[in-house]
Amino acid sequence: MFPGSDRPAISEVDLTLSEGRVLAILGSNGAGKTTLLRMLTTLAAPTSGTAKVAGHDIIRDGSAVRGRIGVVGQYAAVDEVLSGRANLELFGRLLGLNRATAKRRAEELLSQFDLIDAADRPVGKYSGGMRRRIDLAVALICKPDVLFIDEPTTGLDPVARRDLWAAVKARVCEGTAVVLTTQYLEEADALADDVVILREGRVLVAGTSWELKRLAGEPRTEVREPTLEDLYLQLHTGPAQVHPGKET
Ligand SMILES: Nc1ncnc2c1ncn2[C@@H]1O[C@H](COP(=O)(O)OP(=O)(O)OP(=O)(O)O)[C@@H](O)[C@H]1O
Ligand SMILES: [Mg+2]
């Protein structure tokens with residue numbers, strides 16, 4: 001419950017997530033996605049109820065939770081004046097890595113996120129897509145068990161969005177559990193194993209992505225006009241990526 005509000009921002013939410021799975025929290029503006037994420041990452045305390053993250057209670061054992069998670073907020077949290085490399089090393093050191101390990105992890109992540117060329121430029125001069133990549137890289141500096149991402153791709157172009165999805169999927173393949181919020185249904189479709197749809201702070205529906213799709217009806221084949229997004233992706237990544245169902 002926020003001061004001055006007549007309803008709880010979140011109530012009666014019950015979620016479970018296992019390692020190597022992606023949970024997408026969907027909902028329109030103000031549905032409570034960020035508030036739920038802030039509670040799970042110990043940035044805000046619930047007025048009642050609790051949760052366990054990576055086996056630790058968010059209320060009684062907040063510091064243990066913080067030691068096992070990575071968080072990418074809805075708005076960038078990295079230092080704009082420092083370079084990408086300096087941000088990574090700084091966060092690594094703040095989170096307890098020794099100098100040599102922080103440097104090594106920074107180089108690994110700069111390379112994985114295609115930021116080597118921009119590594120020594122101030123983050124304030126990065127494009128939106130690069131900023132999202134450095135945010136994600138910083139959240140991964142200590143190899144978290146659970147990664148929380150609030151609206152991973154809002155404001156990104158279609159190619160940057162697909163690149164970021166691929167980066168998240170790579171982490172999931174390594175066993176990281178991911179909780180993300182999104183307003184983009186195709187993002188949940190592309191990434192999520194489990195889906196929760198929130199409305200006014202309550203769970204409207206929850207289940208595996210497959211279960212929820214079944215609720216929408218039987219499979220059907222639709223013929224549709226090509227879209228501008230199809231053209232955009234063809235121009236940038238080639239037709240094979242635009243028609244993933246087609247045998248190549
Ligand atoms: N610090 C705050 N003080 C008072 N009310 C708040 C605060 N933060 C959020 N709220 C309210 O809590 C509700 C949920 O907000 P929240 O930011 O969690 O929504 P959201 O689903 O993340 O929305 P968006 O898609 O716009 O990011 C809203 O009604 C919002 O106005
Ligand atoms: Mg939000």
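A polar side-chain atom of lysine 33 is placed 2.7 Å from an oxygen atom of ligand 1, a polar contact being a pair of N or O atoms within 3.5 Å; within protein, one atom must be able to donate a hydrogen and the other to accept it, and residues adjacent in sequence count only if both atoms are side-chain atoms. The model is a predicted one, in which local features need pLDDT of at least 70 and side-chain atom pairs count only at pLDDT 80 or more, while totals for chains, interfaces and linings use all residues. Residues are numbered from 1 along each chain as its sequence is written, chains are lettered from A and ligands numbered from 1 in the order in which they are written, and side-chain values use heavy atoms, with hydrogens and water left out.

The contacts are listed here by residue.

| Side chain | Distance to an oxygen atom of ligand 1 |
|---|---|
| Lysine 33 | 2.7 Å |
| Threonine 34 | 2.8 Å |
| Threonine 35 | 2.5 Å |

On its own, ligand 1 has 640 Å² of accessible area, of which the protein covers 61%; such areas come from the Shrake-Rupley method with a 1.4 Å probe, and for residues only the protein chains shown count as cover. There are 14 residues around ligand 1, and Gly30, Gly32, Lys33, Thr34 and Thr35 come nearest, where a residue is near a molecule or strand if one of its heavy atoms lies within 4 Å of it. The shell comprises three nonpolar, eight polar and three charged residues. In this classification, Ala, Val, Leu, Ile, Met, Phe, Trp, Tyr, Cys and Pro are nonpolar, Asp, Glu, Lys and Arg are charged, and the others, Gly among them, are polar.

Because threonine 34 belongs to helix H1 (residues 33–40) and glutamine 74 to the loop between strand E4 (69–72) and helix H3 (84–94), the pair ties together parts that are 40 residues apart in sequence. Helices (H or I, at least four residues) and strands (E, at least two) are DSSP runs, numbered from the N terminus.

Threonine 34 is partly exposed, at 27% relative accessible area, and glutamine 74 is likewise partly exposed, at 28%. Buried denotes under 20% relative accessible area, exposed over 50%, and partly exposed the range in between (1.4 Å probe, protein chains only).

## Salt bridges

The whole structure contains 17 salt bridges, each defined by a side-chain nitrogen of Lys or Arg within 4 Å of a carboxyl oxygen of Asp or Glu. One of them joins aspartate 194 and arginine 21, with the closest N and O atoms 2.9 Å apart. Aspartate 194 is in strand E7 (residues 194–199) and arginine 21 in the segment before strand E1 (22–26), so this pair ties together parts 173 residues apart in sequence. Aspartate 194 is buried, at 12% relative accessibility, whereas arginine 21 is partly exposed, at 29%.

Lysine 103 and glutamate 89 form another salt bridge, their closest N and O atoms being 3.7 Å apart. This pair links helix H4 (residues 99–112), which holds lysine 103, to helix H3, which holds glutamate 89, the two residues being 14 residues apart. Lysine 103 is partly exposed, at 42% relative accessible area.

In the salt bridge between arginine 214 and glutamate 218, the closest N and O atoms are 3.8 Å apart. Arginine 214 is partly exposed, at 37% relative accessibility, and glutamate 218 is exposed, at 58%. Arg85, Glu107 and Asp120 are linked in a salt-bridge network.

## Loop residues

Threonine 42 lies in the loop between H1 and strand E2 (52–53) and is buried, at 18% relative accessible area. The side chains of threonine 42 and arginine 66 are joined by a polar contact of 2.8 Å.

Alanine 54, in the loop between E2 and strand E3 (56–57), has a positive phi near 50° although it is not a glycine. Alanine 54 is partly exposed, at 28% relative accessible area. Glutamate 200, in the loop between E7 and strand E8 (202–208), has a positive phi of about 50° and is not a glycine. Glutamate 200 is exposed, with a relative accessible area of 54%.
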